[in-house]
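Have the model open as you read.

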Amino acid sequence: GGGAEGGGGGGGHRELALLEEVTCHLGELLAEVVDETAAMVEKKQARTYDEIERDLAAAAEAQEEEDEDDDEEKEKPIYNPLNLPLGWDGKPIPYWLYKLHGLNIEYRCEICGNQSYMGPRAFERHFQEWRHAHGMACLGIPNTRHFQGITLIEDAYTLWAKLKGETQGSTWNPELDEEFEDKQGNVMNRKTYTDLARQGLLD
C-alpha cells in the first residue's frame, strides 16, 4: 500500500515542479514589462500638481481632435449608387449580401393596394402585418393561413368560395353531431335522446 501512495505523491510533486517552472519562465518573459510599470508608477507619484494638470489638458485636447475627426467622417455623404439598404453601421450592405437575401427581387401584393416588398423575407412577413390583414378584411375574407401566398384579389375570392363550399358540409350541427348516452350505454344524437326522454323511455 505504501508504494502506491509514494507513486501518487511523486506525481503531485512533478505537477508542482512543472507549475513552478512555468511561473519562473513567465516571470523572466514579463520582467521588462514589470520594470517599466514600476518605473511609470514611481514617475506618476513624483509628479507635481502643475505637471498633472498639463498632462490632463493634453489628453483632453487629443480627445477633442479625435471627436472632430469622427464628426467629419459622419458628415461625409455616403456613396451608394445602387441604392442598397443600409446596414447596422449606417453604411450600404455589400452587394453580394443584397443578392444573397434576394433583396433585388420585388414582390407586389394587390390585396395590400399594390404595395411592393423587396425580398422573400419581407414578402412572407407581410401576410401577418396590418396592411394585408386590413386588405383581407375589406374583401370580407378572414386572414387565415389558407391565404398565405395569395396576392391577387381574384385568387383570394376563388379560394374563399372553394373553402366555404368544403366547410358547409362539415359544419357543426348540435342536433345531429352532439352525442348523448343513456344508462345502458347506448349512444345517440341529441334529437333522438330528447325524443326518448320526452316519452319517458330512458328510465
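Helices (H or I, at least four residues) and strands (E, at least two) are DSSP runs, numbered from the N terminus. Keep in mind that you are looking at a predicted model, where local features need pLDDT of at least 70, side-chain atom pairs count only at pLDDT 80 or more, and totals for chains, interfaces and linings use all residues. Residues are numbered from 1 along each chain as its sequence is written, and side-chain values use heavy atoms, with hydrogens and water left out.

Let's begin with a nonpolar patch. Patches are made of residues with over 30% relative accessible area and no salt bridge, where nonpolar side chains (Val, Leu, Ile, Met, Phe, Trp, Tyr) are joined within 5 Å and like charges within 9 Å. A salt bridge here is a side-chain nitrogen of Lys or Arg within 4 Å of a carboxyl oxygen of Asp or Glu. Accessible areas come from the Shrake-Rupley method with a 1.4 Å probe, and for residues only the protein chains shown count as cover. On the surface, L18, V22, L26, L29, L30, V33 and V34 make up such a nonpolar patch, with about 660 Å² of accessible area together. The elements giving it two or more residues are α1 (2–29) and α2 (31–46), and α1 supplies the largest share, four residues.

V33 belongs to helix α2. Residues are called buried under 20% relative accessible area, exposed over 50%, and partly exposed in between (1.4 Å probe, protein chains only). V33 is partly exposed because its relative accessibility is 46%.

Now for charge. Lys and Arg count as positive and Asp and Glu as negative, while His and the chain ends are not counted; the place of a charge is taken as NZ of Lys, CZ of Arg, CG of Asp or CD of Glu. A patch of negative charge on the surface gathers E61, E64, E65, E66, D67 and E68. E68 sits in helix α3 (residues 49–75) and is partly exposed, at 48% relative accessibility.

How many salt bridges does the structure hold? There are four. In one of them, R47 pairs with D55, and their closest N and O atoms are 2.4 Å apart. R47 is partly exposed at 26%, and D55 is partly exposed at 39%.

Helix α9 (residues 190–199) brings us to D195 and K191, which lie four residues apart, about one turn of the helix. They form a salt bridge with closest N and O atoms 3.8 Å apart. D195 also forms a salt bridge with R198, at 3.4 Å between the closest N and O atoms. Through shared partners, these bridges join K191, D195 and R198 into one network. R198 counts as exposed because its relative accessibility is 67%.

Finally, meet two histidines. H101 lies in the loop between α4 (95–100) and β1 (106–109) and is partly exposed at 42%. Where does the chain come back to H101? G119 is 18 residues away in sequence, yet 6.6 Å away in space, C-alpha to C-alpha. Leaving aside neighbours within four places in sequence, H101 is in contact (heavy atoms within 4.5 Å) with G119 and P120.

Is H132 buried or exposed? H132, in helix α6 (residues 130–139), is buried because its relative accessible area is 0%. Beyond neighbours within four places in sequence, its contacts include C109, H126 and I150.
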